[in-house]
Amino acid sequence: MQLTVWTYEGPPHVGAMRIATAMEGIHYVLHAPQGDTYADLLFTMIERRNKRPPVTYTTFEARDLGTDTAEIFKNAARDAYERFQPQAMLVGASCTAELIQDDPGGLAKALALPIPVVPLELPSYQRKENWGASETFYHLVRALAGPHAPAPGTERPPRDAGRRPRCNLLGPTALGFRHRDDVAEITRLLDRLGIDVAVTAPLGATPADIARLGEADFNVVLYPEIAQTAAGWLTRTFRQPATKTVPIGFGATIDFIKEVAEIAGVDPTAVLAGAPSRLPWYSRSVDSTYLTGKRVFIFGDATHVVAAARIADKELGFKVVGLGTYSREFARDVRAAAESYGVEALITDDYLEVEEKVAELHPELVLGTQMERHIAKRLRVPCAVISAPVHVQDFPARYSPQMGFEGANVIFDTFVHPLMMGLEEHLLGMFRGDFEFHDEVQPSHLGHGAAPAPDQTQIKETEIEKAEIAGAVQAVTWAAEAEQELRKIPFFVRGKARRNTERFAEERGLATITVETLYDAKAHFGR
C-alpha cells in the first residue's frame, strides 16, 4: 500500500461499505480500531445522504490487543443484529484489524444468527476499493441467489408468451458517479424498448431482491468494475446473458440498444428512429475552430475513460493525446483503447505521475476525477470531471445522468463548457481595442464613467509566463507591441500561443516578432 496525500481508491472495505450503504435491509459489521471509523463522512458529507450508512464498528483500542478482541467482535455483531434487525449481514475486517487475524466470518458463524451472514475476506494490502465493492457484490449474489440456482446443466426455460422481457440492472452503488441518474435514464430507455427492469442492484435492492436475480431473462452490466464478476457467475449459473456495451455517449447508446434488442428479441427500430440526443447536432453546429483538434487528456476509472475517449474522438472531434486509469484490473481494456488513438496508456494510482504527464503533454482540456481537477487548476488548464473519485459538487441535486441519450446531452455540456466558446473568442477580437473592454474597466452597474484604459507597458507577466521565459532559449525577440498584444490572449492558452508564434518565426527566419507576425501565426495554425 502506497502512503500518499491523495488516493484514487480507498482500501477494499470501503468498497464493501459502498455496497452495504447502497442496499436496504443489510448491515455491515466491520472489525476495526478507532481511526478507521470514517464511513459517516464519506456518505453523509460527500454524497449528502440523509441517513447514516448501515455500518457497525468494533472500535477496539490499543489496550484491547492484550485481551480478547474476538469477543469484542462477537458482542458488536450480536448487538448490531438486535438493534437494527437486518435481513442479512456482512462481516469483515479493516486493514488494521486484518493483522490480528480474528476471523470475523468464523466468529459470526458461531453466533448462529437467524439471518444470512456473508463473510468478506478482502486483502487490504493487495487490493483496493472498486475490487472490494466487486468482491462484496459477488459474494452477496452467490450467498443469496445461489440457493435458488437450477441443477447444473439445466436449460433455461423459454419466456412465457405475451410477457415482456425482464432484465436486471447491475452495478450502481453508493458514492458512484451519477449512478442514481444513470439508473433512471436506462430504465426509461429499456421501457421504450418494451423491456421491464426486474431488479436494480445493489443500489436500492434488498436481500430478497438479490435472491431473485436469477428470475430475469438477462442482465445489463452498467458498471463493469462493480458488476462484471457477479454477472459472470449469473451467466454460468442461471444461463442469463449479460450486456457488454456501456451506454455512455450517443454512439455507445445506439450500440447498447441494438445489443439489448438482440438479447431480448425486440424490435429497436422505433427507439433508434426517435433518438432524442442533441449531442450530434450540437457538435456539428459549433464553430469548428472551437472543437476540432482540441488536445484532450483523459484519466479516471476504466469504464468512464474508455467511453470519454470515444466521445471525444468520434463525436466531438477532439484529439486524444493521453489516456489512463487507476483501475489496474481493467488495464488491458484501457491499453487497447489507447492504442487505437495512437497513444500510450498511463496505468497508475500515483496522482503525481498523472500531473507530470499532463504537464508534459500540454493538453487544452483535461477530463478526469477530482484529483485531475486540482492538477488542471494548478497547471491552468480547463478541466471537467467524468469519473469517481469525486467530491460533493459532483453529486448535483439536478438530474444529470451520464448514460443514454440525455446523458449524451449532459456530457456535451460537461466537455465543451470548460473551453472558451468560439463566439466569445470572436467577440474578444472584435472589441479588443474598445475603451470599455479591458480588465480594469469599472463595471457598468457601479457608475456611468469608465476607467481609463490601463497602460499596457506596466502590465507584469504572470508567474507562469516568467517561468516559461526564464526556461526557454530565445531564438527570436519580441517587439514591445507584440508582447502587449500577446497579453490580451486568455492566460490558459497564452503559453501555447507564444510557443507557436516563436516556432512560426524561426521557420521563416524572422529575428523579431511583430504584431503582424503574431496574427500571421494565428492564421497559420488556425487553418
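**Exercise 1. The lining of the largest cavity**

Determine which helix gives the most to the lining of the largest cavity, and how the lining divides by class.

*Solution.* The model is a predicted one, in which local features need pLDDT of at least 70 and side-chain atom pairs count only at pLDDT 80 or more, whereas totals for chains, interfaces and linings use all residues. Residues are numbered from 1 along each chain as its sequence is written, and side-chain values use heavy atoms, with hydrogens and water left out.

Step 1: a cavity is a set of points on a 1 Å grid over the protein atoms alone where a 1.4 Å probe fits but cannot get out, and lining residues have an atom within 4 Å of a point. The search of the whole structure finds 1 cavity of 30 Å³ or more, and the largest cavity has a volume of about 50 Å³, a volume being the space filled by probe spheres set on the points, which are joined across faces, edges and corners.

Step 2: the lining consists of Ile 248, His 304, Ala 308, Ile 311, Ile 386, Gln 402, Ile 411 and Phe 415.

Step 3: by class, the lining has 6 nonpolar, 2 polar and no charged residues, where Ala, Val, Leu, Ile, Met, Phe, Trp, Tyr, Cys and Pro count as nonpolar, Asp, Glu, Lys and Arg as charged, and the others, Gly among them, as polar.

**Exercise 2. The packing of H6 and H17**

Describe how the axes of H6 and H17 cross, and state which residues make the contact.

*Solution.* Step 1: the axes (lines fitted to C-alpha atoms, for helices over the stretch in contact, with angles from 0 to 180 degrees between N-to-C directions) of helix H6 (residues 179-192) and helix H17 (residues 404-416) come within 8 Å and cross at roughly 140°.

Step 1: H6 and H17 are therefore oblique to each other, since angles under 35 degrees count as roughly parallel, over 145 as roughly antiparallel, 65 to 115 as roughly perpendicular and the rest as oblique.

Step 2: the contact (heavy atoms within 4.5 Å) is made by Glu 185, Ile 186 and Leu 189 of H6 together with Gly 404, Phe 405 and Glu 406 of H17, and its residues divide into 3 nonpolar, 1 polar and 2 charged.

Technical notes:
Helices (H or I, at least four residues) and strands (E, at least two) are DSSP runs, numbered from the N terminus. On a 1 Å grid over the protein atoms alone, a cavity is a set of points where a 1.4 Å probe fits but cannot get out, and a pocket is an open set with protein on both sides within 12 Å along at least five of seven lines; lining residues have an atom within 4 Å of a point.
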